[in-house]
Amino acid sequence: MSRQLDRHGDIARSGQMIDASIVPVPKQTLNKDEKVVVQQEAMPAEWSPAKRRQKDVQGRWTKKHGKSHFGFKLSSSVDRRHKLIRRMHVSTASEHDTLHFEQVIGPGNTSRDVWADKGYVDGEREQRLGEKGWWLHIQSKAQAGRLLSECQERRNRRIDKTRVRVEHVFASLDPMGGKALRSIGLAWATLYLNWKAAAYNLRRLCSLMEVGPAPF
């Protein structure tokens, strides 16, 4: 994906924003015993071939803002200048966003700046990546029983002015059928989401070519 964009001169510039979004798939109805087997990414032996084709043993439940969701999770890196998807990773919904932070960082960006929300706070990783030359702008997260200081609040607002641009990309998937999928399994979810990302990038590239400025 990135190679094709680079050929047009739209190389990744000005840093990148990283975020993750839940991708819903059809909910699964399972009894207690079936859930135990499915949690091990297996299928009960008594299921018929037809039933096996209709059951998703890789989708997982997770909670966000107090609501339960079933499906997968799309983690993406979007470059700041062109707002194009440069890297992406699809995982089960229950996997924490921070697990795939380093997988989606694009080393080809002309800037080493990275913006992300408080869900990616990890002091050890921030120090390690900082020593490698990355400049991480990750929002501060309040500790249990303690509020953020005014200085931390101001810093979070400054970061959010840039970080929020990645959410515009996720919102742009809605006119293309949204992020929800009717597929079964991680492999199909990964394929369909790559298609959606490619379609988004093509539309975005057309807009950049029409209104400029010219790539350099």
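**Note on the predicted chain**

1. Read along the sequence, the chain runs α-β-α-α-β-β-β-α-β-α-β-α-α-α. That gives eight helices and six strands. Both are DSSP runs numbered from the N terminus: helices are H or I with at least four residues, strands E with at least two.

2. On provenance: this is a predicted model, where local features need pLDDT of at least 70, side-chain atom pairs count only at pLDDT 80 or more, and totals for chains, interfaces and linings use all residues. Residues are numbered from 1 along each chain as its sequence is written, and side-chain values use heavy atoms, with hydrogens and water left out.

3. The C-alpha trace spans about 60 × 50 × 30 Å along its principal axes. Of the chain's contacts (heavy atoms within 4.5 Å) with a separation of 6 or more, 62% join residues 24 or more positions apart.

4. The chain has 216 residues, and 42% of them count as buried. Buried means under 20% relative accessible area, exposed over 50%, partly exposed in between (1.4 Å probe, protein chains only). Accessible surface comes to about 12,600 Å², by the Shrake-Rupley method with a 1.4 Å probe. Carbon and sulfur atoms hold 52% of that surface.

5. Cysteines next. Cys-151 counts as partly exposed because its relative accessibility is 48%. Cys-206 is also partly exposed, at 44%. The whole structure contains zero disulfides, a disulfide being a pair of cysteine sulfur atoms within 2.5 Å.

6. Charge: 39 positive side chains, 24 negative. The centres of the two sets lie 3 Å apart. Lys and Arg count as positive, Asp and Glu as negative; His and the chain ends are not counted. Each charge is placed at NZ of Lys, CZ of Arg, CG of Asp or CD of Glu.
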